[in-house]
Amino acid sequence: LNEMLPVEYFHVVFTVPAQLNPFALRNKKVFYNLMFRAVKETLMELSQDPKRLGADIGFITVLHTWGQNLLDHPHIHCIVPGGGYDAEKKQWKYLNSNFLFPIPVLRKMYRGKLMAFFVQAVKDQDINLCGNLESYRSPGAMSELVDDLYRKDWVVYVKEPFASPEALVGYLGAYTHRVAISDKRIQSVDSDMVSFAYKDYADDGKRKSMKVSPNEFLRRFLLHVLPRGFRRIRYYGFLAPKAKPVRFKRCREAFKLKYTPKNKKERSKSCVEIFKELLGIDLLRCPTCGKGNLITVGLIPKTPRLQLSQ
């Protein structure tokens with residue numbers, strides 16, 4: 001809670017049209033970085049606009065690449081405080097309304113920025129047009145795609161604010177580190193079929209069951225493996241690591257709250273400790289009996305790769 005402010009926090013989600021999914025899948029690092037950049041510049045520019053807020057903001061972004069059916073669906077979740085710091089008046093500046101920014105404005109600016117970045121990346125050959133994308137090497141095909149994407153109303157939505165800073169902490173602890181599917185959603189597994197539960201948002205979010213072959217299940221799951229070292233959780237504005245000692249400290253002081261930066265020499269908490277502290281879940285408790293504790297008895301060594309003879 002030392003990292004939170006006593007204000008409303010909005011949950012904003014930026015998506016991309018399905019036509020861009022194949023480009024993202026074959027150019028993960030480049031395309032996802034373009035998405036982060038477009039989201040960052042959209043929120044920063046709108047917040048600095050005196051007609052919208054005219055203040056310094058900070059926000060957290062989280063990349064998810066999957067839909068409920070495990071197919072590719074890249075989108076970025078953002079946690080944005082309801083206001084920002086007015087450096088001129090040296091005080092916190094609240095929003096003039098009960099919503100963050102008008103959704104049509106968010107949608108249009110985000111679309112314009114991401115499309116400009118995408119088109120430039122294609123020109124610079126940072127976007128690899130391989131496999132099924134080779135047809136877009138034709139200038140006419142790419143131009144037609146770009147025109148079609150500009151005509152679309154992209155999906156950007158703002159959810160209701162979190163009930164409290166504590167609710168936000170619970171969300172961040174439970175949601176941000178999710179993988180494409182949890183064990184709870186897997187209903188059955190055998191040599192011929194994997195069955196898992198999902199929400200069908202095209203049918204009012206009804207819970208349904210989907211059955212796919214083991215190979216197809218693995219294919220879908222592996223769509224969401226990110227490049228090595230890729231950061232799917234990023235902080236911007238006064239929440240950026242380098243900005244916290246000065247800019248975030250000013251925000252806390254505006255509410256007469258102290259801010260104590262983390263001591264780098266302090267021992268980092270383990271994931272077991274974090275889960276227990278935030279969610280009350282003991283990862284070392286036996287999931288079968290719920291009473292005993294799990295004990296490490298040994299580590300399975302890595303199997304050396306087989307060297308194939310020429």
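Figure 1. Asp 148 and Arg 151 are both located in helix 4, three residues apart, about one turn of the helix. Helices (H or I, at least four residues) and strands (E, at least two) are DSSP runs, numbered from the N terminus. The side chains of Asp 148 and Arg 151 form a salt bridge at 3.8 Å, N to O; the term denotes a side-chain nitrogen of Lys or Arg within 4 Å of a carboxyl oxygen of Asp or Glu. Asp 148 is partly exposed at 26% relative accessibility, and Arg 151 is exposed at 62%. Here buried means under 20% relative accessible area, exposed over 50%, and partly exposed in between (1.4 Å probe, protein chains only). The model is predicted: local features need pLDDT of at least 70, and side-chain atom pairs count only at pLDDT 80 or more, whereas totals for chains, interfaces and linings use all residues. Residues are numbered from 1 along each chain as its sequence is written, and side-chain values use heavy atoms, with hydrogens and water left out.

Figure 2. Eleven salt bridges are found in the whole structure. In one of them, the side chains of Glu 45 and Lys 113 meet at 2.7 Å, N to O. This pair links distant parts of the chain, with Glu 45 in helix 2 and Lys 113 in helix 3, 68 residues apart. Glu 45 is partly exposed, with a relative accessible area of 37%, whereas Lys 113 is buried at 15%. Salt bridges that share partners join Arg 37, Glu 41, Glu 45 and Lys 113 into one network.

Figure 3. Three strands form an open sheet in the order 7-8-9, with antiparallel pairing; two strands pair if DSSP finds at least two bridges between them. The edge strands, each pairing on one side only, are strand 7 (186-189) and strand 9 (206-212). Neighbouring strands of this sheet are turned by 25 degrees against each other on average, direction ignored. Helix 6 (residues 214-222) packs on the sheet and touches strand 7, strand 8 and strand 9, its direction making about 115 degrees with that of strand 9. Axes are lines fitted to C-alpha atoms, for helices over the stretch in contact, and angles run from 0 to 180 degrees between N-to-C directions. Contact means heavy atoms within 4.5 Å. Arg 220 belongs to helix 6 and is buried, with a relative accessible area of 12%.

**Figure 4. The nonpolar cores.** The largest nonpolar core has 47 residues, and those with the most contacts inside it are Phe 14, Phe 23, Leu 43, Tyr 110 and Phe 118. Such a core is a set of buried Ala, Val, Leu, Ile, Met, Phe, Trp, Tyr and Cys residues joined through side-chain atoms within 4.5 Å. Helix 2 gives the most to this core, with ten residues. A second, separate core of 21 residues includes Leu 5, Val 7, Ile 233 and Phe 255.

**Figure 5. Strand 10 and its partner.** Four of the five residues of strand 10 (residues 233-237) are buried, so this strand is largely enclosed by the rest of the structure. Strand 2 (residues 58-66) pairs with strand 10 in the antiparallel sense over five bridges. The bridge partner of Val 62 in strand 10 is Ile 233.
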